[in-house]
Amino acid sequence: MSELDLRDKRVCVTGGAGFLGSYVIDRLHRRGCTQVSVPRKKDFDLRDRAQVRRMLEAVRPDVLIHLAAVVGGIGANRDNPGSFFFDNLVMGAELIDQARLLKVPKVVTIGTICAYPKHTPVPFHEDALWDGYPEETNAPYGIAKKALLVMSQAYRQQYGMNAIYLLPVNLYGPRDNFDPASSHVIPALIKKCIDAREAGHDFIEVWGDGSPSREFLHARDAAEGIVLATERYDDPEPVNLGTGEEITIKALAELIAELTGYDGELRWNPAQPNGQPRRRLSTERALDRFGFRARTALADGLKETIVWYEHQRAGA
Ligand SMILES: NC(=O)c1ccc[n+]([C@@H]2O[C@H](COP(=O)([O-])OP(=O)(O)OC[C@H]3O[C@@H](n4cnc5c(N)ncnc54)[C@H](OP(=O)(O)O)[C@@H]3O)[C@@H](O)[C@H]2O)c1
């Protein structure tokens with residue numbers, strides 16, 4: 001497999017100041033890449049064509065890694081389906097098109113597991129992406145991102161753009177978003193358990209009935225997968241990034257309660273949505289095409305995340 005040497009490349013990482021982005025920047029620096037730029041929304045709103053153009057003209061990247069997105073858990077997706085659809089679609093479409101006009105040699109776009117059909121045979125194989133409609137609450141977000149896969153493939157076909165597309169599973173780790181209005185399930189559960197432990201409450205409410213399963217990838221592992229693909233992968237087929245291991249939300253909540261030292265009741269609220277029934281990815285393509293394998297065991301990554309969060313709270 002031929003490998004792109006990133007050390008002498010100008011790499012632009014949109015969303016590089018975000019959660020996943022912070023790990024991607026770290027991985028690039030570890031590779032010896034010194035010319036990394038991170039456009040911020042306050043300087044360049046990537047929904048705006050002129051600002052995208054101005055940003056790319058200023059940076060002139062050899063590699064564009066597009067991570068910028070509006071993201072959130074089930075609640076945020078349910079409350080903002082319109083803006084999640086529009087912002088994610090338009091940001092990606094403007095960036096990829098301007099990257100074409102400015103002849104950016106390599107474009108890496110990050111999709112999401114939310115693009116998969118609601119009822120996908122487990123493990124989710126990349127070839128099943130188009131076999132049905134996604135779970136309703138995250139369909140606008142998932143479909144907007146999936147459209148960027150079509151765009152990447154179409155631009156490769158018509159313009160010869162080296163555009164690749166990766167689909168990370170649910171991410172977690174230190175520096176995750178703990179804001180209850182938009183957080184994903186792991187930070188939401190960690191915060192609830194620690195709040196309840198500190199306040200001496202004897203129960204916490206947990207959304208849904210606990211039956212769905214999820215797969216979780218440490219953001220550091222996801223970042224390594226993204227950088228490996230940037231170095232080694234040049235084909236049009238989408239590639240999953242995950243661990244290939246699933247856990248039910250009930251087992252996850254029990255594990256987080258144990259690791260945070262919360263010993264009260266987990267009170268399930270079936271009136272709140274469960275989201276997709278099951279999630280587990282097939283991870284063979286990433287291993288086969290660019291040698292990616294996740295390294296962090298879930299319990300270890302959760303402990304690391306809890307320690308980080310407790311430090312943050314203490315600092316605050
Ligand atoms: N978190 C997950 O579980 C997960 C799972 C699968 C895939 N992904 C994908 O991974 C990527 C990163 O997610 P994340 O969790 O790291 O998100 P995040 O922490 O919210 O970071 C998103 C970044 O996008 C930038 N952004 C948003 N709107 C923008 C705009 N209009 N113009 C310019 N920049 C804008 C923000 O930049 P500023 O900081 O400058 O405001 C922010 O840093 C996304 O593409 C997401 O779909 C995430």
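Leaving aside neighbours within four places in sequence, which residues is Gly-72 in contact with? Contact here requires that the C-beta atoms of two residues, placed from the backbone, lie within 7 Å, and on that basis Gly-72 is in contact with Asn-77 and Ser-182. The model is a predicted one, in which local features need pLDDT of at least 70 and side-chain atom pairs count only at pLDDT 80 or more, while totals for chains, interfaces and linings use all residues. Residues are numbered from 1 along each chain as its sequence is written.

Gly-72 sits in the loop between strand 3 (63-66) and helix 3 (74-79), where helices (H or I, at least four residues) and strands (E, at least two) are DSSP runs numbered from the N terminus. Gly-72 counts as buried because it has 20 C-beta neighbours inside 10 Å; a residue is buried at 20 or more other C-beta atoms within 10 Å of its own, exposed at 12 or fewer, and partly exposed in between, with C-beta atoms placed from the backbone. The C-alpha atom of Gly-72 is separated by 8.8 Å from that of Asn-177, although the two residues are 105 residues apart along the chain.

An open sheet is formed by 6 strands in the order 2-1-3-4-5-10, with parallel pairing, two strands being paired if DSSP finds at least two bridges between them. Its edge strands, strand 2 (35-37) and strand 10 (239-241), each pair on one side only. Strand 1 (residues 10-14) runs parallel to strand 3 and is joined to it by 4 bridges; Val-11 has Val-63 in strand 3 as its bridge partner.
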